[in-house]
Amino acid sequence: MGVPVVMSDGVILAVETLKADRLKDLCSFGAAQLALTDWRARTLKVHVYDSDLTRIALPEDVSLTWVRAMADPADDLNMPMKGPHRLVRDDQSALARAGIQLAKSARLLPSVLCLPLDMPAGFAHQHDLTMVDQTVVLNSQLSPMQPVIHARLPMTVSEAGRLHVFRPEDGGEEHYAVEIGTPDRSKPVLARLHSACFTGDVLGSLKCDCGPQLHGALAQMGEEGQGVLLYLNQEGRGIGLANKMRAYALQDQGFDTVEANHRLGFEDDERDFRIGAEILRKLGFGQVRLMTNNPAKIARMEGCGITVTERVPLQVGRNPLNDQYLKTKAAKSGHLF
């Protein structure tokens, strides 16, 4: 919304939704900083002192255009950023880290303005701003997933379908489990963790193999008469649809999918597969025959206590328009094709 949020150590503002008047107001209260992830900083050739992020002191003549250009790589090739930048090198990076985490959770560009404060609670009260517990934002524990409802859902692949809806306690996105037949909970179940892909699943995009993988997995479960597909709302490897489209625009400039994510400031993959493991447990499954080409998914399931008895390959959907994308997944993400 572009509204400042007050945390334990100060104020943060998301750069993507920043307005000129907010920028001016923030600078009037003290020495504000621009926080960027390490990946975005590397793109701009800015040194990283805080391991996973960097903080840049705002110049006296700072403008909204400059701040936006530092955060958004859309015009990097036309407007290369030049320093020198005055970097903040103290041990007070928690505010910036929490701000970036909030921006990511809101599916915004992972860049924020920070203003450290000695009395943040008083500042929040004086300016009628929301106060957020910084330690909660930085807590890496998974929010418990709660079942909401399930009902019979006949599908083309199987009339014996059932859809389960799960909701995290922290108010995040809902996630779904599509159950085919009545799998025996005491045996390994044919399972797939499928991340939502609006462009591939719904629009039939040829830039990825997501749509064919979704329908291929369901078809195989229908043929076997049982299985469970977890449909996780983690679009664009967890960066959201808008940022995924930004990555697509960068790919049109010649960057591959991993390079595009990095230029935006994101990791290769921002998804949290602990969600899938939690839903499987809630459904009563402890063992799976996992349909995936991604060995990292197997490792993550095993790390979460779900036994993977078999990797079931799912090699569908290759076409001339996504061939390079699949080669990048194999070369940089270890996918098996």
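Select helix H4, residues 94-105. Helices here are DSSP runs of H or I with at least four residues, strands are E runs of at least two, and both are numbered from the N terminus. H4 has 12 residues and spans 16 Å from first to last C-alpha, close to the 16 Å expected at 1.5 Å a residue. That expected span is 1.5 Å times one less than the number of residues.

This is a predicted model: local features need pLDDT of at least 70, side-chain atom pairs count only at pLDDT 80 or more, and totals for chains, interfaces and linings use all residues. Residues are numbered from 1 along each chain as its sequence is written, and side-chain values use heavy atoms, without hydrogens or water.

Now colour the buried residues of H4: Leu 95, Ala 96, Ala 98, Gly 99, Ile 100, Ala 103 and Lys 104. Buried means under 20% relative accessible area, exposed over 50%, and partly exposed in between (1.4 Å probe, protein chains only). Show their cover next, which includes strands S2 (10-14), S3 (33-37), S4 (53-57) and S5 (111-116), and helix H6 (134-138). Step just past H4 to Arg 107, where phi is positive, about 60 degrees.

Jump to helix H12, residues 274-282. Its buried residues are Ile 275, Gly 276, Ala 277, Glu 278, Ile 279 and Leu 280. Just after H12, Gly 284 has a positive phi of about 95 degrees.

Last stop: Leu 203. Find this residue in the loop between H7 and helix H8 (210-224). Leu 203 is exposed, with a relative accessible area of 56%.

How values were computed:
Contact means heavy atoms within 4.5 Å.
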